[in-house]
Amino acid sequence: MQDCLFCKIAAGEIPSKKVYEDDLCYAFFDIDPQAPTHFLVIPKQHIASVSAVTAENQSVVGHIFGVIAKLSQELGMESYRVVSNIGEQAGQSVFHLHFHVLSGRDMTWPPG
Ligand code: 5GP
Ligand code: ZN
C-alpha cells in the first residue's frame with residue numbers, strides 16, 4: 001500500500017534490522033525497543049490491524065504465530081510477550097498489522 005511505513009519496510013524500501021523473512025511475513029527489530037529484545041512481525045500483505053483480519057487473509061496470522069514460536073526457540077527466549085495494539089486508544093501508531101514480541105525483562109500485568 002502506498003504511503004504505508006511497514007509496507008515499505010517489508011519491501012526493503014526503508015532499511016530495518018531484519019530478524020526473519022519468508023514469502024508471507026517479515027520480522028525486524030523495533031526502532032525504539034521497550035525490552036532488551038523487541039522485534040515486530042508483520043505480514044507482507046497490507047492489513048491495517050487485527051480488526052481488518054478476514055476469512056480471506058486470516059491464514060497469515062496463524063503463519064506469523066508459527067514464526068514467532070520458531071524465532072523464540074532460536075533466540076532462546078523462554079518467556080516473552082506478544083502484543084498487537086488495535087486503534088489509537090490502545091496505542092496503535094502504525095496502521096499495518098504487527099505483532100510486538102518483547103522479552104528479557106520482568107513485565108507487569110495489566111499493561112498500561
Ligand atoms: P504500534 O505503536 O503501532 O503498536 O507499534 C509501532 C512500532 O513501530 C513502535 O514500537 C515503533 O517504535 C516502531 N517503529 C515506528 N517506525 C519504525 C521504523 O521506521 N523502523 C522500525 N524498525 N520500527 C519502527
Ligand atoms: Zn502496509
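**Reading a predicted model: loop, ligand and zinc site**

Modeller: Gln 92 is found in the loop between β4 and β5, elements being DSSP runs (helices H or I, at least four residues; strands E, at least two) numbered from the N terminus. The model is predicted: local features need pLDDT of at least 70 and side-chain atom pairs pLDDT 80 or more, whereas totals for chains, interfaces and linings use all residues. Residues are numbered from 1 along each chain as written, chains are lettered from A and ligands numbered from 1 in written order, and side-chain values use heavy atoms, without hydrogens or water.

Biologist: Does Gln 92 count as buried or exposed, and why?

Modeller: Buried means under 20% relative accessible area, exposed over 50%, and partly exposed in between (1.4 Å probe, protein chains only). Gln 92 has 5% relative accessibility and therefore counts as buried.

Biologist: Which backbone atoms lie 2.8 Å and 3.0 Å from a polar atom of the Gln 92 side chain?

Modeller: A polar contact is a pair of N or O atoms within 3.5 Å; within protein, one must be able to donate a hydrogen and the other to accept it, and sequence neighbours count only if both atoms are side-chain atoms. For Gln 92, a polar side-chain atom is 2.8 Å from the backbone nitrogen of Gly 87, and one is 3.0 Å from the backbone oxygen of Val 94.

Biologist: Where is Gly 87 found, and why does Gly 87 count as partly exposed?

Modeller: Gly 87 belongs to the loop between β4 (80-83) and β5 (99-103). Its relative accessibility is 23%, so Gly 87 counts as partly exposed.

Biologist: Which residues come nearest to ligand 1?

Modeller: A residue is near a molecule if one of its heavy atoms lies within 4 Å of it. Ligand 1 has 16 residues around it, of which Asp 30, Asn 85, Ser 93, His 98 and His 100 come nearest. A polar side-chain atom of Ser 93 is 2.7 Å from a ligand 1 oxygen, and a polar backbone atom of Val 94 is 3.0 Å from an oxygen of ligand 1. A nitrogen of ligand 1 lies 2.9 Å from a backbone N or O atom of Phe 29. On its own, ligand 1 has 520 Å² of accessible area, and the protein covers 83% of that (Shrake-Rupley method, 1.4 Å probe).

Biologist: What are the protein donors of the zinc ion, ligand 2?

Modeller: Donors are N, O and S atoms within 2.8 Å of the metal (3.2 Å for Na, K and Ca); water is not among the atoms, so sites may look incomplete. Here Cys 4 (SG), Cys 7 (SG), His 46 (ND1) and His 96 (ND1) lie 2.1 to 2.3 Å from the zinc ion. Their spacing in sequence is C-x2-C-x38-H-x49-H. Both Cys 4 and Cys 7 are buried.

Biologist: How many bridges join β1 to β2?

Modeller: Two strands pair if DSSP finds at least two bridges between them. Strands β1 (residues 18-21) and β2 (residues 25-29) run antiparallel and are joined by three bridges. Lys 18 has Phe 28 of β2 as its bridge partner, and a hairpin of three residues connects β1 to β2.

Biologist: Where is the cis peptide bond?

Modeller: The bond joins Trp 109 and Pro 110, with omega about 5°, and Pro 110 lies in the segment after β5.
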